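I take the strand first.

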Amino acid sequence: MPRGAGHSLDGQAQALNGVVVDMTGLDTIHEVRSDRVVVDAGAKWSDVLRATLPRGLTPPVLTDYLELTVGGTLSVGGLGGASQHFGAQTDNVLALDVLTPSGELVSCGPAHPVLAGRGRNGIIIRATLRLVPAPETVQWHRLRYSSVAQLVADQRLLIDAGSFDYLEGQLKVRDGRRVRELEAVSHSGASLDGLEFDDADTHVTSYWDFVNRLAASEPVLREAGLRESPHPWCNLFVPDHAVEEVLRHLETEDEDLYSDFGLVLAYPLRPERISALELPAGELVFLVAALRYASDQETARPMVEANDVLTKMVLRAGGTLYLDPL
Ligand SMILES: Cc1cc2nc3c(=O)[nH]c(=O)nc-3n(C[C@H](O)[C@H](O)[C@H](O)COP(=O)(O)OP(=O)(O)OC[C@H]3O[C@@H](n4cnc5c(N)ncnc54)[C@H](O)[C@@H]3O)c2cc1C
């Protein structure tokens with residue numbers, strides 16, 4: 001079983017009575033051209049960006065956290081706030097070198113089942129990834145809402161308009177208060193006209209600081225003792241018709257299930273742009289991810305139970321799972 005950075009949460013990069021192949025030694029960035037980069041699968045996305053950004057280029061879709069390996073995210077899909085436009089990271093692969101389960105090294109196009117194959121259909125050795133121009137700076141809005149319905153309505157409006165480069169909705173509990181927030185990021189100063197948020201803050205930051213924003217949370221989590229502790233996370237694809245009900249359900253959950261760090265991500269995707277993943281039927285789906293941080297096994301238990309309830313609810317509504325172990 002190949003292992004990238006080992007960040008998956010349910011033992012996906014482990015092999016009971018089997019062999020684990022650590023891919024992190026294969027991390028060379030081979031070549032950056034105006035429309036593509038050739039990288040070894042053990043390279044992290046932060047390494048890819050350090051090689052491409054000086055040329056003014058970026059992969060179109062990045063995960064929220066960049067210390068994941070190229071092979072690790074291509075073997076699950078790889079989604080982010082730009083997926084509304086560009087699909088998953090697996091939709092932005094131009095070519096692959098794959099070690100097949102029968103031990104053959106093949107060079108192939110992006111239709112190979114190793115993409116989103118969760119390490120079961122071979123090992124990605126090298127990938128050629130699409131690049132697009134990177135902006136130097138971005139306008140980063142945090143819009144706050146008084147209801148789930150309005151948060152979802154504005155996301156529907158914005159995905160239809162296609163005006164923002166990055167969209168990710170969030171629910172969280174901070175200082176005992178429920179917060180509903182939409183991160184809407186524009187490379188070109190898109191307008192907020194017509195949106196129904198209550199209040200907002202906006203700042204301009206470098207593209208690198210925006211895409212690398214989670215790096216700052218690592219030392220904070222470590223200090224709180226929550227980096228290495230259990231993370232009962234649950235990632236689901238929810239049909240558009242059920243998303244408000246699911247988010248309202250999440251808002252009725254006990255606040256202790258979130259701590260000061262936990263949150264729910266909820267953002268829209270167009271299934272037609274995502275080829276390697278099993279998504280619910282319909283023109284629009286939402287990725288809903290309950291990201292919970294437990295201090296120990298005891299506090300993890302109710303979180304795991306809450307995830308089971310959530311998963312059943314979403315599957316009943318026609319949803320599907322993301323990142324689940326095969
Ligand atoms: C803090 C954090 C933030 C995240 N944010 C996002 C996000 O925004 N969007 C998103 O989509 N996901 C996100 N994820 C989930 C993440 O994409 C997956 O867990 C990913 O698989 C982790 O990559 P990794 O390098 O740690 O892989 P590992 O955990 O090491 O491996 C994951 C799977 O990939 C397989 N694999 C690894 N390398 C290869 C290879 N070279 N060839 C074939 N198979 C391989 C393994 O066998 C295993 O099945 C996040 C995870 C964390 C911890």
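**Entry 1: strand 16.** I am working on a predicted model. I looked up strand 16, residues 285-291. How many of its residues are buried? I find seven of its seven buried, and the strand is mostly covered.

I then checked which way they point. Val285, Leu287, Ala289 and Leu291 point one way, and Phe286, Val288 and Ala290 point the other way. In a regular strand the side chains alternate between the two faces of the sheet. Here, the residues on both sides are buried.

**Entry 2: the partners.** Which strands pair with strand 16? I looked up strand 14, residues 233-239, and found seven bridges to strand 16 in the antiparallel sense. In that pairing I see Cys234 opposite Ala290. Strand 15, residues 263-269, also runs antiparallel to strand 16, and seven bridges join the two. There I note Leu265 opposite Ala289.

**Entry 3: helix 4.** I moved on to helix 4, residues 148-161. I checked its length against 1.5 Å a residue: the 14 residues should span 20 Å. The end C-alpha atoms are 20 Å apart, so the two agree.

Next, burial. Val148, Leu151, Val152, Asp154, Gln155, Leu158 and Ile159 are buried in helix 4. Why do I say that they line one face? Seen down the helix axis, the buried residues fall within an arc of 160 degrees, so they line one face of the helix. Asp160 and Ala161 are exposed on the other side.

Gly162 follows helix 4, and its phi is positive, near 65 degrees.

Technical notes
Residues numbered from 1 in each chain as written. Predicted model: local features only at pLDDT ≥ 70, side-chain atom pairs only at ≥ 80, totals over all residues. Heavy atoms only, no water. Buried < 20%, exposed > 50% of the residue type's maximum accessible area, 1.4 Å probe, protein only. Helix = DSSP H or I, 4+ residues; strand = E, 2+ residues; numbered from the N terminus. Pairing = 2+ DSSP bridges. Expected span 1.5 Å × (residues − 1). Arc of directions from axis to C-beta.
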